[in-house]
Amino acid sequence: MFKDKEAPLVSVVIPCYNHAEYVQECIKSVIEQDYENIELIIIDDGSKDESVSKIQELVPECEKRFRRFEFRARSNKGLCETLNEAIAWCEGEYYSSIASDDIMRPYKTREQVEHLEANSSFVGVFGAVEVLYKNGCKKEIVRKSNSYHFNDIFLHNHNLPAPTSMLRLEKVKEVNGYRGGFIIEDWIMWLDLTRSGGILSYLGRVFVTYRRHDGNLSGQLDEMCVGRLQIVDLFKGYGSYKKAKAAVYLVQAVDVQTIDKIKSVPFAVKSVVNNIGVVFTLRFLSYLVKMFLPRSG
């Protein structure tokens with residue numbers, strides 16, 4: 001595809017924190033990309049395990065493989081600041097970040113660059129994930145290819161798995177990267193990227209293996225709900241604000257329903273109270289159906 005010009009430089013960023021067990025597999029998945037013109041930037045954000053030494057073992061291979069390679073280890077500053085620090089370093093046309101415990105498919109970079117080169121109106125492209133559970137089980141989550149505008153993302157009518165993203169670096173820098181102080185730093189960036197007309201694309205192709213660890217699922221869901229409301233409240237002046245708030249509560253109801261149907265009910269009620277129109281959505285109807293189905297497992 002790039003016979004008449006040099007392939008665009010892609011900046012891949014790996015922020016690492018306490019992932020000594022996984023970080024080498026992540027780095028090797030970037031090394032094994034079938035797209036050549038990549039710069040890799042790794043920042044260890046104050047890991048307390050052996051992450052730094054694990055990364056250092058692969059430095060010679062990275063310096064040989066990549067157009068440009070940078071590694072920095074320093075005290076902990078948090079994910080948002082780490083990503084912004086890396087973005088300031090990036091020199092590519094496209095930007096792709098991946099958590100240090102996730103794994104890229106070999107074709108990810110090439111296919112996403114080809115898609116963005118062929119579709120100049122898109123500010124970014126995402127794709128499907130394979131979820132890798134702690135017990136070794138895997139599950140591919142693939143949806144139909146689609147594209148999303150601001151309102152789609154604001155109202156949660158989107159499918160944009162963060163680990164699969166590739167964004168135009170120029171556009172990321174125009175919105176000043178990730179906003180600090182937000183629990184869900186990626187969702188607010190997607191809103192910033194699309195609020196002036198930008199479009200994000202989703203391809204129904206698995207690009208990343210996403211590792212899901214053990215943890216307190218209900219606690220994580222509570223934090224996500226707080227994070228979503230935090231962002232929605234930034235847009236109180238928008239005509240779709242009430243619908244967006246209703247969508248947050250409905251998403252929470254659906255998520256909580258998987259672990260406790262009774263605890264999900266108050267969120268469903270809040271969704272209807274915020275916007276009566278939510279009762280006509282397929283997501284809400286699906287929620288109602290599942291309330292009367294026996295729990296699996």
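A crossing of two helices is left-handed if the near helix is turned anticlockwise from the far one by less than a right angle, and right-handed if clockwise. In this predicted model, local features need pLDDT of at least 70 and side-chain atom pairs count only at pLDDT 80 or more, while totals for chains, interfaces and linings use all residues. Residues are numbered from 1 along each chain as its sequence is written, and side-chain values use heavy atoms, without hydrogens and water.

Helices here are DSSP runs (H or I, at least four residues), numbered from the N terminus. Axes are lines fitted to C-alpha atoms over the stretch in contact, and angles run from 0 to 180 degrees between N-to-C directions.

| Pair | Angle | Axis distance |
|---|---|---|
| α10 (residues 241-257) and α11 (residues 261-274) | about 165° | 8 Å apart |
| α10 and α12 (residues 282-291) | roughly 30° | within 10 Å |

Helices α10 and α11 are therefore roughly antiparallel (angle over 145 degrees), and their crossing is left-handed. Contact means heavy atoms within 4.5 Å; among the residues meeting here are Y249 and L250 in α10 and F267 and A268 in α11. The contact of α10 with α11 comprises 7 nonpolar, 5 polar and 5 charged residues (Ala, Val, Leu, Ile, Met, Phe, Trp, Tyr, Cys and Pro are nonpolar, Asp, Glu, Lys and Arg charged, the others, including Gly, polar).

Helices α10 and α12 are therefore roughly parallel (under 35 degrees), and this crossing is also left-handed. A247, L250, V251, A253, V254 and Q257 of α10 meet R283, F284, Y287, K290 and M291 of α12. This contact of α10 with α12 contains 8 nonpolar, 1 polar and 2 charged residues.

How values were computed: Helices (H or I, at least four residues) and strands (E, at least two) are DSSP runs, numbered from the N terminus. Angles under 35 degrees count as roughly parallel, over 145 as roughly antiparallel, 65 to 115 as roughly perpendicular and the rest as oblique.
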